[in-house]
Amino acid sequence: PVSGNCFAVEVKSDKGRLSEAQKDWLYWRDNCGIPTFVWRPKDDWETIVEVVKKLATGVRDEQTKTLH
């Protein structure tokens, strides 16, 4: 089912850096109340899948707070 929930993700390499445009993009969405994340290959992907599932169903908790 479609929930209408939204979140923003930038996926970077382990050593990749955010450009100024990417930082701005994440900043503005975060300030609008849209959870924003930067995820990398070294991150715990099982946890990321849990976060996505929660966000998709509208759950907001400590785990789904903005991470960047």
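# Close-up views of a predicted chain

**Figure 1. Overview of the chain.** Of the 68 residues in the chain, 24% are buried (buried is under 20% relative accessible area, exposed is over 50%, and partly exposed lies in between, with a 1.4 Å probe and protein chains only). This is a predicted model, in which local features need pLDDT of at least 70 and side-chain atom pairs count only at pLDDT 80 or more, while totals for chains, interfaces and linings use all residues. Residues are numbered from 1 along each chain as its sequence is written, and side-chain values use heavy atoms, with hydrogens and water left out. The chain holds two helices and two strands, in the order β-α-β-α from the N terminus (helices are DSSP runs of H or I with at least four residues, strands are runs of E with at least two, and both are numbered from the N terminus). Among contacts with a separation of 6 or more, 62% join residues 24 or more positions apart (a contact means heavy atoms within 4.5 Å).

Figure 2. Arginine 40 sits in the loop between β2 (36–39) and α2 (45–56). Its relative accessibility is 16%, so arginine 40 counts as buried. Arginine 40 has no salt bridge, and the nearest side chain of opposite charge belongs to aspartate 43, 5.8 Å away (a salt bridge is a side-chain nitrogen of Lys or Arg within 4 Å of a carboxyl oxygen of Asp or Glu; Lys and Arg count as positive, Asp and Glu as negative, and His and the chain ends are not counted). Polar atoms of the arginine 40 side chain lie 2.6 Å from the backbone oxygen of serine 13 and 2.8 Å from the backbone oxygen of glycine 16 (a polar contact is a pair of N or O atoms within 3.5 Å; within protein, one must be able to donate a hydrogen and the other to accept it, and residues adjacent in sequence count only if both atoms are side-chain atoms). Leaving aside residues up to four places away in sequence, arginine 40 touches Lys12, Ser13, Asp14, Lys15, Gly16 and Trp45.

**Figure 3. Aromatic cluster.** Phe7, Phe37, Trp39 and Trp45 form one aromatic cluster. A pair of aromatic rings is described by the distance of the centres and the angle of the planes. Rings of Phe, Tyr and Trp (its six-membered ring) pair if their centres lie within 6.5 Å; planes under 30 degrees apart count as stacked, over 60 as edge-to-face and the rest as tilted. The count by this rule is four aromatic pairs. In one of them, tryptophan 39 and tryptophan 45 have ring centres 6.5 Å apart and planes at 70 degrees, so the pair is edge-to-face. Tryptophan 39 is buried, at 7% relative accessibility, whereas tryptophan 45 is partly exposed, at 38%.

**Figure 4. Salt bridges.** The count comes to two salt bridges. One joins lysine 23 to glutamate 20, with the closest N and O atoms 3.3 Å apart. Both residues belong to helix α1 (residues 20–31) and are three residues apart, about one turn of the helix. Lysine 23 is partly exposed at 39% relative accessible area, and glutamate 20 is exposed at 53%. Aspartate 61 and lysine 54 also meet in a salt bridge, at 2.8 Å from N to O. Aspartate 61 is partly exposed at 29% relative accessibility, as is lysine 54 at 23%.

**Figure 5. Cysteine 6 and cysteine 32.** A disulfide is counted when two cysteine sulfur atoms lie within 2.5 Å, and the count here is zero. For cysteine 6, the closest cysteine sulfur is that of cysteine 32, at 9.9 Å, which is too far for a bond. Cysteine 6 is partly exposed, with a relative accessible area of 43%, and cysteine 32 is exposed, at 61% relative accessibility.

**Figure 6. Surroundings of leucine 18.** Leucine 18 lies in the loop between β1 (8–11) and α1. At 21% relative accessibility, leucine 18 is partly exposed. Leucine 18 touches Glu10, Lys12, Lys23, Leu26 and Val38, not counting residues up to four places away in sequence. Leucine 18 and valine 38 are 20 residues apart along the chain, and their C-alpha atoms are separated by 8.9 Å.
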